[in-house]
Amino acid sequence: MFYLKLGGSLITEKRSGEQRVRDQVVRDISRDVRDFLHGNDIVLAHGAGSFGHIPVAKYGLDRGLSKGHEIEASEVFVSVSRLNCHISLIMQEEGVPVVPVPARSIFYRERDGHVIAHLETISELLRRGFIPLTHGDLIADCLSGVYVLSADEIPLYLLPLGLKEVIFLTDVPGVLGPDGRVLDVVSEDDVVKIESRAVKDVTGSMLGKLSRAFQLAHKGVKVIIAGYYNRGDLKRILDGEVGTKIVI
Ligand SMILES: Nc1ncnc2c1ncn2[C@@H]1O[C@H](COP(=O)(O)OP(=O)(O)O)[C@@H](O)[C@H]1O
Ligand SMILES: [Mg+2]
């Protein structure tokens with residue numbers, strides 16, 4: 001099974017904070033999915049980008065839910081669902097049989113930080129030829145009320161579905177080394193040399209992504225972090241021509 005994540009920074013105006021979707025990028029990726037991943041079991045996901053990171057940081061929801069702030073959390077739930085619906089529509093127009101599945105409807109975080117996943121829905125949808133489309137979300141958390149579940153973290157809970165390969169599409173061509181060039185491969189030893197040049201966001205930006213990527217690689221999953229610029233890039237990534245491969 002493939003997990004393909006469309007980074008929030010790639011598909012929304014995350015840098016400016018504007019709640020707008022880059023429709024053409026989503027459309028091109030949808031066509032690539034239709035053309036190059038046809039016949040595979042795929043779970044698609046997207047980040048929350050400006051629809052999630054901005055309000056989550058504004059209301060401090062990354063520290064959990066405080067009493068009396070339910071309406072602010074509700075704003076985030078609705079905002080990321082709006083983004084999910086918008087992306088779902090584009091994908092459907094391009095012939096991808098997506099089923100919107102908000103992460104909060106299948107994941108729950110226990111007191112000890114353990115995430116419970118109800119995967120029956122996903123496996124049944126896959127069996128019927130659908131493509132679940134999930135997203136970074138706030139999920140119910142037994143201790144703190146809500147937890148920011150990044151779409152970089154979600155694949156860790158999909159291992160029981162036979163997850164083999166994860167592709168994180170983002171707004172840079174891959175993991176950049178100290179000289180600013182794309183690294184073909186990255187190992188845990190390299191991380192100390194990779195300063196995080198971005199403003200930190202609520203899920204840790206590139207360093208957060210790398211930490212999830214190494215966790216996945218340790219479980220035997222092939223992980224690639226790559227940019228998306230033109231139609232056909234998904235094929236170039238699948239063929240190993242572009243992007244950064246995670247090695248352990
Ligand atoms: N060494 C690095 N290599 C690549 N990107 C980096 C690096 N350090 C920081 N970044 C930043 O990480 C960003 C990607 O992370 P993020 O914004 O979380 O993307 P996504 O929305 O795809 O999760 C890039 O836009 C870049 O600014
Ligand atoms: Mg991110």
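Tyr-3 has Val-43 as its bridge partner in strand S4. The model is predicted: local features need pLDDT of at least 70, side-chain atom pairs count only at pLDDT 80 or more, and totals for chains, interfaces and linings use all residues. Residues are numbered from 1 along each chain as its sequence is written, and chains are lettered from A and ligands numbered from 1 in the order in which they are written.

Strands (E, at least two residues) and helices (H or I, at least four) are DSSP runs numbered from the N terminus. Two strands pair if DSSP finds at least two bridges between them. The pairings of S1 (residues 2-6) are as follows.

| Partner of S1 | Sense | Bridges |
|---|---|---|
| S4 (residues 42-46) | parallel | 5 bridges |
| S11 (residues 165-170) | parallel | 5 bridges |

On the S11 side, Leu-4 is bridged to Ile-167. Of the 5 residues in S1, 4 are buried, where buried means 20 or more other C-beta atoms within 10 Å of the residue's own, exposed 12 or fewer, and partly exposed in between, with C-beta atoms placed from the backbone.

Ile-116 lies in strand S7 (residues 115-117). Ile-116 is partly exposed because it has 13 C-beta neighbours inside 10 Å. Leaving aside residues up to four places away in sequence, Ile-116 touches Phe-107, Tyr-108 and Glu-110; contact means C-beta atoms, placed from the backbone, within 7 Å. Pro-178 is 62 residues from Ile-116 in sequence and 38 Å away in space, C-alpha to C-alpha.

Ser-205 belongs to helix H6 (residues 205-218). Although not a glycine, Ser-205 has a positive phi of about 55 degrees. Ser-205 counts as partly exposed because 18 other C-beta atoms lie within 10 Å.

Conventions:
Contact = placed C-beta atoms within 7 Å.
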